[in-house]
Amino acid sequence: MSPTLYLSEAFTVQEDRYGAHNYHPLDVVCTRGAGVYLEDVEGDRYMDFLSAYSAVNQGHNHPRIAQAMVEQIERLALTSRAFRNDRFPPFLEKLCHLTGFEKALLMNSGTEAVETAIKAM
């Protein structure tokens, strides 16, 4: 008879079984976050000192950001760049004024950004 797996161990086994092994994450299975804290599936609480490597440096589930996300997704979740939308032009203008650049080209990933920068050189 095998010992009962903790929920985090079960998720880890499942991920190892079905996921590509291109990255070795910490063995903490997060289920929620608030501010600087993360909670794992066992209910243990951690301070998030990684913050997704600065991707969530404003904290987890910041109420103003969450509200802005809800408001936008209730209006329009996503459009292809083959369409225009009413949010993108004002955002571009604000970004250009903020950075001092004449134009902006947004990317989905760091890889695309680096590739574009190399092509622009």
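I began with Asp48, whose side chain makes a polar contact with the side chain of His60 at 2.6 Å. A polar contact is a pair of N or O atoms within 3.5 Å; within protein, one must be able to donate a hydrogen and the other to accept it, and residues adjacent in sequence count only if both atoms are side-chain atoms. I noted that this is a predicted model, where local features need pLDDT of at least 70, side-chain atom pairs count only at pLDDT 80 or more, and totals for chains, interfaces and linings use all residues. Residues are numbered from 1 along each chain as its sequence is written, and side-chain values use heavy atoms, with hydrogens and water left out.

**Entry 1: around Asp48**

I placed Asp48 in the loop between strand S3 (45–47) and helix H2 (63–75). Helices (H or I, at least four residues) and strands (E, at least two) are DSSP runs, numbered from the N terminus. Is Asp48 buried or exposed? Asp48 is buried, because its relative accessible area is 15%. The cut-offs are under 20% for buried, over 50% for exposed, and in between for partly exposed (1.4 Å probe, protein chains only). I then listed its contacts (heavy atoms within 4.5 Å). Leaving out residues up to four places away in sequence, Asp48 touches Val36, Leu38, Val56 and His60.

**Entry 2**

I traced an open sheet of three strands in the order S1-S2-S3, with antiparallel pairing. S1 and S3 are the edge strands, each pairing on one side only. Neighbouring strands are turned by 30° against each other on average, direction ignored. Here axes are lines fitted to C-alpha atoms, for helices over the stretch in contact, and angles run from 0 to 180 degrees between N-to-C directions. Strands pair if DSSP finds at least two bridges between them.

How many bridges join S1 to S2? I found four, between residues 30–34 and residues 37–40. Ala34 stands opposite Tyr37, and Arg32 has Glu39 as its bridge partner. Two residues separate the strands in this hairpin, and Gly35 in the turn has a positive phi of about 60°.

S2 and S3 pair over three bridges. Glu39 stands opposite Arg45 there. Their hairpin has four residues between the strands, and Gly43 takes a positive phi near 95°.

I looked at the faces of S2 next. Leu38 and Asp40 point to one face and are buried.

**Entry 3: helix H3 and the cysteines**

I tested the length of H3 (residues 88–99). Its expected span is 1.5 Å times one less than its number of residues. Twelve residues should therefore span 16 Å, and the end C-alpha atoms are 16 Å apart, which agrees. Just after H3, Gly100 takes a positive phi of about 85°.

Cys96 counts as buried because its relative accessibility is 12%. Cys30 is at 42%, so it counts as partly exposed. I looked for disulfides (pairs of cysteine sulfur atoms within 2.5 Å). The count is zero.
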